[in-house]
Amino acid sequence: MEETAPGVPKRRLLNFIERAGNALPHPATLFGLLALAVLAVSWLGGWLGWSAVHPATGETVRAVNLVSREGLHRILLGMVDNYTGFAPLGIVMVALLGIGVMESSGMISAAVRLIVIKAPRSMLTFVIVFVGILSNIASDLGYILIIPIAGVIFHSVGRHPIAGMAAAFAGVSGGFSANIVIGTIDPLLAGLSTEAAHIVDPSYYVLPTANYYFMTVSAVMISLAGTWVTSRVVEPRLGEYQGDVPPEPIEQLTPTEKRALRWTGAVFLVWMAVFLCGLVPADGFLRGPGGSVLQSPLLRGFIAVLFLVTTTLGIVYGRITGRFRSDADVIKGMTDSFKSLVSFLVLVFFAAQFVAWFRWSNLGLILAIDGARWLQGVNIGTVPLMVLFVMFAGFINMFMGSASAKWAIMAPVFVPMFMLMGYSPELSQAVYRIGDSVTNIISPMMSFFALIIVYFEKYDGRAGIGTLISTMLPYSVVFFIAWTLLLIGWILLGIPLGPGSGIYYNV
């Protein structure tokens with residue numbers, strides 16, 4: 001093929017991105033190397049006498065040399081505590097216990113099928129994108145179940161199956177951070193944000209619900225934007241399906257599954273009644289100190305609440321359908337959910353050391369103070385600053401797929417920096433989540449990227465990486481524009497991002 005042939009420059013760019021991403025070491029190795037780099041830079045900073053004046057306290061913050069007798073002692077004595085005390089570790093483990101019970105019981109799969117089957121034809125695309133977003137509560141369920149079933153659904157109603165899978169992929173991955181319920185990503189990122197905020201304010205705590213208001217509105221916005229792109233851009237481009245794959249029937253819910261869903265709905269209402277009884281009265285048993293709702297154990301202990309609710313619903317559903325015949329089946333569901341955590345547990349060990357050493361060295365605080373002073377001097381304004389941060393996070397996402405791994409690296413730098421400029425950690429986290437989500441669907445580094453290509457190949461044997469990226473690029477562009485505009489409007493109106501989570505931070 002000639003070098004000037006159409007599509008060659010695009011393929012070259014994609015090949016370069018793929019090679020660059022593959023050249024990166026494993027995320028756990030990357031954190032280990034970063035931790036060692038912190039040691040080297042802390043030695044250099046201590047030798048050169050790096051320092052900065054804290055704008056809040058007026059104290060001089062000096063770089064701490066960790067390559068010293070005292071530093072070595074602290075590293076050895078704190079290594080285990082760094083790991084076991086790393087905020088996201090316990091949060092994710094407890095959350096997955098309950099979600100694992102729901103998933104293994106079959107409840108999540110049945111609920112998704114029911115929603116899609118009951119959706120009116122005119123709302124089908126919206127529902128598929130929206131269900132894709134909702135599936136994020138169950139980790140990777142959307143990639144494994146929602147995307148292929150969306151192709152089956154579109155094909156069964158005479159629409160192009162690849163368009164259906166593209167719409168689902170846009171919801172599952174492009175709208176990864178948006179949701180109307182709290183999923184595993186919320187407490188995970190909140191834990192990392194809390195660790196980073198402690199560089200400036202050791203008492204600061206980022207709630208798992210920190211971005212709930214913003215992400216709830218985002219879920220609707222992404223669903224509408226995904227529907228528009230599918231009907232106005234993707235389907236006209238794909239045209240009518242000409243392949244030889246026959247339509248497949250959609251499996252209806254059995255009477256037993258329907259009865260089980262009704263019972264789980266009733267149990268969920270009971271939980272809601274308990275929560276309301278504990279919060280609505282001025283002296284409710286779930287209110288926090290001084291009758292505070294924002295400091296209530298329901299919000300601050302949300303992971304425990306999530307575990308109790310999801311476990312209860314999963315047990316009720318599994319018991320009625322026969323999936324759970326004994327307590328051993330429930331425990332197996334929890335155990336199976338932990339199988340996906342093995343690589344995360346390894347990664348967290350190295351990430352925890354990196355974050356702790358970075359904090360001990362004072363490098364993050366010095367960098368934040370100097371960076372905040374420089375940005376304030378440039379004075380580009382809140383909106384341009386946040387737009388640039390969205391673009392930066394989206395660019396990094398093209399080379400590194402894990403949302404938590406990227407935020408573990410970026411949060412210790414950007415969260416303190418923006419705090420010293422007067423912006424809350426919750427805002428920094430929300431802006432990062434936008435950038436991380438919108439490029440997921442065009443990033444070859446996304447862990448399920450190859451699987452989506454296989455799904456496409458089922459209906460088009462010639463499909464490849466170019467097919468997938470060219471199909472998903474319109475979603476990425478529209479999501480970036482729409483989500484950024486929503487963010488700008490949110491900031492200008494000064495709306496809280498979540499319960500007790502404002503936009504600004506009082507230094």
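D336 sits at 28% relative accessibility, so it counts as partly exposed (between 20% and 50% relative accessible area, with a 1.4 Å probe and protein chains only; buried is under 20% and exposed over 50%). Its partner is K332, and the two side chains meet in a salt bridge at 3.0 Å, N to O. A salt bridge here is a side-chain nitrogen of Lys or Arg within 4 Å of a carboxyl oxygen of Asp or Glu. K332 is partly exposed too, at 49%. Both residues lie in helix α14 (residues 327–339), four residues apart, or about one turn of the helix. Helices are DSSP runs of H or I with at least four residues, numbered from the N terminus.

This is a predicted model, in which local features need pLDDT of at least 70, side-chain atom pairs count only at pLDDT 80 or more, and totals for chains, interfaces and linings use all residues. Residues are numbered from 1 along each chain as its sequence is written, and side-chain values use heavy atoms, leaving out hydrogens and water.

By the salt-bridge rule, the count comes to four. One of them joins D186 to R433, with N and O 2.9 Å apart. D186 belongs to helix α9 (residues 185–197) and R433 to helix α19 (residues 425–438), so this pair ties together parts 247 residues apart in sequence. D186 is buried at 7%, and R433 is buried at 0%.

E235 also pairs up, forming a salt bridge with R159 whose closest N and O atoms are 2.7 Å apart. This pair links distant parts of the chain, 76 residues apart: E235 is in helix α10 (residues 212–238), while R159 is in the loop between α7 (141–156) and α8 (161–174). At 18%, E235 counts as buried.

Methods: Helices (H or I, at least four residues) and strands (E, at least two) are DSSP runs, numbered from the N terminus.
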